[in-house]
Amino acid sequence: MIQLNNLSAGYGGDPIVKGVTLDFRPGEVLALVGPNGSGKSTLLKAALGLLPAQEGQVLYDGRDLRELGRKAAARKAAYLTQSRNTPSISALRMVLHGRFPYLSYPRRYGREDYAMARRAMDRTGSRPHEDVNVQELSGGQRQGVYLAMALAQDTETVFLDEPTTYLDVNRQLQTMEAARELAQSGKAVALVLHDLPMALRGADRMAVLEGGKLLRWDRPEAVYASGVLDRVFGVALHRMETPHGPQYYATLKKEGP
């Protein structure tokens with residue numbers, strides 16, 4: 001399990017993430033939500049050691065992240081970044097990059113690596129494009145390939161930074177379902193999401209950030225009932241019961257009486 005203890009981090013100067021204590025628990029989907037600039041992506045980067053902690057600790061199974069080598073850490077946590085380069089290689093070769101932490105130099109992929117990569121592509125619907133150059137894919141198709149690369153890393157924890165960007169509604173729902181399946185298999189899954197109804201429906205817990213501080217960390221229904229989302233986002237969130245479970249939607253707040 002990955003734990004953040006009073007973590008502060010940033011890009012030099014004043015920290016962007018400020019005193020956050022948070023656990024990424026096996027078997028759970030955690031949705032990180034908050035306005036733009038609230039520190040969500042910075043928090044993930046600090047949890048991965050891509051940004052050094054200015055204060056506090058990041059613990060991997062009780063061990064300080066700073067004591068782990070980069071390859072050892074990469075075997076414990078996978079990361080789908082918000083912005084990515086698009087190399088001129090096939091989709092399958094891109095997904096195989098997720099196997100790097102398990103390979104020695106020079107890198108030679110084995111049968112298990114190919115099998116893991118193709119299983120990940122099946123999960124994200126990317127398998128039909130395995131021989132297509134990534135640069136020739138649509139934005140949504142590329143997103144599926146990058147998500148498969150993260151899954152192919154086969155780690156205990158998976159961090160996904162806005163994984164539904166560029167995806168149509170069907171693919172968004174598939175992505176959330178894939179996150180649920182990963183959690184049910186025992187992995188800890190954390191997603192940065194801007195879609196509040198999706199986060200409320202699909203997450204086991206929600207962490208609400210504002211100004212780099214953790215305002216609330218709880219079950220979605222408790223976060224909704226607290227009113228913190230309405231205040232932070234300046235909207236009115238509504239819940240209604242349906243045959244498919246509770247559904248949420250947002251409206252603009254009305255001014256005046």
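Predicted model: local features only at pLDDT ≥ 70, side-chain atom pairs only at ≥ 80, totals over all residues.

Trainee: How many aromatic pairs does a search of the whole structure find?

Mentor: The search finds 4 aromatic pairs.

Trainee: Why is the pair of Tyr109 and Tyr114 called edge-to-face?

Mentor: The ring centres of Tyr109 and Tyr114 are 6.1 Å apart, and rings pair if their centres lie within 6.5 Å, so the two count as a pair. Their planes stand at 75°, and because planes over 60 degrees apart count as edge-to-face, that is the name this pair receives. Tyr109 and Tyr114 also belong, together with Phe100, to one aromatic cluster.

Trainee: What makes Tyr114 partly exposed?

Mentor: Its relative accessible area is 26%, and partly exposed covers the range between buried, under 20%, and exposed, over 50%, so Tyr114 falls in that middle class.

Trainee: How do you know that Tyr224 and Tyr248 form an aromatic pair, and which parts does the pair tie together?

Mentor: Centre to centre the distance is 5.2 Å, which is within the 6.5 Å limit, and the 65° between the planes makes the pair edge-to-face. Tyr224 lies in helix H8 and Tyr248 in strand S12, so the pair ties together parts that are 24 residues apart in sequence.

Trainee: Are Tyr224 and Tyr248 buried or partly exposed?

Mentor: Tyr248, with a relative accessible area of 7%, is under the 20% cut-off and is therefore buried, whereas Tyr224, at 21%, counts as partly exposed.

Trainee: What makes Arg107 count as lying over the face of Phe100?

Mentor: Arg107 is at 3.8 Å from the ring centre of Phe100, and the distance limit is within 6 Å; the definition also asks for a position within 35 degrees of the ring normal. Arg205 likewise lies over the face of Trp217, at 5.8 Å from the ring centre.

Trainee: Where is Asp154 placed, and what is its phi?

Mentor: Asp154 is in the loop between helix H5 and strand S7, and its phi is near 55°, a positive value in a residue other than glycine. Glu162, in the loop between S7 and helix H6, also has a positive phi near 55°.

Trainee: Why is Glu162 called buried?

Mentor: Glu162 has 17% relative accessibility, and because buried means under 20%, the label applies; Asp154, at 35%, is partly exposed.

Methods. Residues numbered from 1 in each chain as written. Heavy atoms only, no water. Helix = DSSP H or I, 4+ residues; strand = E, 2+ residues; numbered from the N terminus. Buried < 20%, exposed > 50% of the residue type's maximum accessible area, 1.4 Å probe, protein only. Phe/Tyr/Trp six-rings, centres within 6.5 Å; stacked < 30°, edge-to-face > 60°.
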